[in-house]
Amino acid sequence: MFFQESFSSSVDFPTYIPWQTLSSDLSDKLKHGSIRINRSNRVEYATIQEEGTPLLENGSRKGPDQITDGSIVTEAVRGGTSWPVAAFLLVNAALGAGVLNYPYAYEKAGGVYFAAFLQIIMMIFLISTMLVLVYSADVNKDSTYHDVLLSLCGRRAQQFAALSILLTCFGICITFLIIIGDQYDRLFLSLAKEGFCTTWYLDRRFTITVTSIVTILPMCYFQRLDFLRYASSLGIFAMLYPVFLTMYEYYKLDVTPGRIKVMPDSAVQVFVVIPVFSFAYQTHEIVVPVYACMKNRNIRDFTKATFLAMAILFFIYCMAGSFGYLTFGSLIAPDIMEQYDGSDPIVLVGMLALVVKMITTYPQLVVCGRGALDGLYAEFAHLTTDQFIKGEFKRRIIVTSFWFITTLLLAVLAPNIGVVIELLGCLASVNIFIFPGLCLISLSRRSDQYLEHWKSRAKAFVASLMIMFGTFVFGVVFTKVLLYDLMNKNGKVPHAKC
């Protein structure tokens, strides 16, 4: 029963956040019921029967295409999800491309034991900030991450959060294309040896471009991606396969590993790896929607879901990081799959699963990012509802084409996924520490405007530490990536051994 409910929820879970609430004009009309958001995440005028129905009407009229508390109601979530299923949704959202970079992160973190200790510390902070978000969501019964910020911190904070999530989706798309190229490189290196480096049609720039144009680009223009939901729901199993491979290859391969660290080389390396761990465990963007769709919407049940999800992710990442790092030591590559023999059928299955995962997930990220950009553009361009609806097709074509071309170019030029994941970790530190910190300050001031009580001052102090820590980590890692990884050619790690 659990597996059936989990699969159904992962397929029907409303991943398309109604970003149109970023626009003041559209938000007002949504609340008054004159417009609605359909299953394609498009704004349309309400029917005569529905017109005038407020957005928040105590859930008395729930249809498959109607909005309740700002989220799209689906068959799977109409009755509410249990807390174990909520934990599964959090794991499914967090487990992604970061697992391929985890053994490399262990090398920078200072080895197996120190990396595990650092993850435990990070999980304490992550769980705390997740609970801050759901506690904040209860103030006005918000159902999306950016609406929580609107309620507590104002419209500018909401817009900055949308921009952060937009850039995160953009960066993950780049990572997916790089991973596709890495799988081709490993396959060709295993079959054609070093000769593939001089063959133009085996070059990663050609393989990434052709694969993306033929398989990914056509799907990005669709309004609805329902046909991909079942494929993407199996993504968690596709990302678990590399974990199995690291354990399998640890016992099978007869290689001499490089130096095995027991401590990090410097404090900077520790701060650099924190965003990588943050990105791997990050589920903050969907924490509020998952909480809103729970059968029993209370902090106690969600706390159980959070601890279960973090425990599962900790086990998975420790297995991948430990076995992968101990196999190669300091010789580890940013993408662990690059170091396995592509001619081995067991490895080949994992490579194909990764390629399918990347191809089927990329269009969904485009839809999410495109929706955020749509909402921001409507607000800053002061579009009326009529202008927004009539210009949807033109905007969809322009934004999708620009998104695809730029991510493709950056994927071809990026040194490796490690660089992109570090940049994504910078954005993750904003969503994990800075925005929840702002919410906590707002909550403390709501109950005690002048912070006269010691509890209010304690909350404000903790919130200030969260904001300062997130800002510091963002600055250190962003500077390191910009100065050393992107501008220093000597630090460039080759994609394949040519």
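Cys368 is in none, and its nearest cysteine sulfur, that of Cys169, is 4.0 Å away. Cys368 is buried at 14% relative accessibility, and Cys293 is buried at 7%. Here buried means under 20% relative accessible area, exposed over 50% and partly exposed in between, with a 1.4 Å probe and protein chains only.

I note that this is a predicted model, in which local features need pLDDT of at least 70 and side-chain atom pairs count only at pLDDT 80 or more, while totals for chains, interfaces and linings use all residues. Residues are numbered from 1 along each chain as its sequence is written, and side-chain values use heavy atoms, with hydrogens and water left out.

Next, salt bridges. I take one as a side-chain nitrogen of Lys or Arg within 4 Å of a carboxyl oxygen of Asp or Glu. The structure holds 14. Lys261 pairs with Glu107, with the closest N and O atoms 3.2 Å apart. Lys261 lies in the loop between helix H11 and helix H12, and Glu107 in helix H5, so the pair ties together parts 154 residues apart in sequence. Helices are DSSP runs (H or I, at least four residues), numbered from the N terminus. Lys261 is buried at 6% relative accessibility, and Glu107 is buried at 12%.

Asp185 forms a salt bridge with Arg204, the closest N and O atoms being 2.6 Å apart. This pair links helix H8, which holds Asp185, to helix H9, which holds Arg204, 19 residues apart. Both Asp185 and Arg204 are buried. Arg205 and Asp203 also meet in a salt bridge, 3.0 Å from N to O. I also find Glu107, Arg259, Lys261 and Asp265 joined into one network by salt bridges that share partners.

I then checked Lys108, in helix H5 (residues 98-109). Lys108 is buried at 7% relative accessibility. Its side chain makes a polar contact with the side chain of Glu422 at 2.4 Å. A polar contact is a pair of N or O atoms within 3.5 Å; within protein, one must be able to donate a hydrogen and the other to accept it, and residues adjacent in sequence count only if both atoms are side-chain atoms.

H14 (residues 299-328) reaches 43 Å from first C-alpha to last, close to the expected 44 Å. The expected span is 1.5 Å times one less than the number of residues. Just after H14, Gly329 takes a positive phi of about 60 degrees. H6 (residues 112-140) reaches 43 Å, close to the expected 42 Å. Just after H6, Lys141 takes a positive phi of about 55 degrees.

Key
Helices (H or I, at least four residues) and strands (E, at least two) are DSSP runs, numbered from the N terminus. A disulfide is a pair of cysteine sulfur atoms within 2.5 Å.
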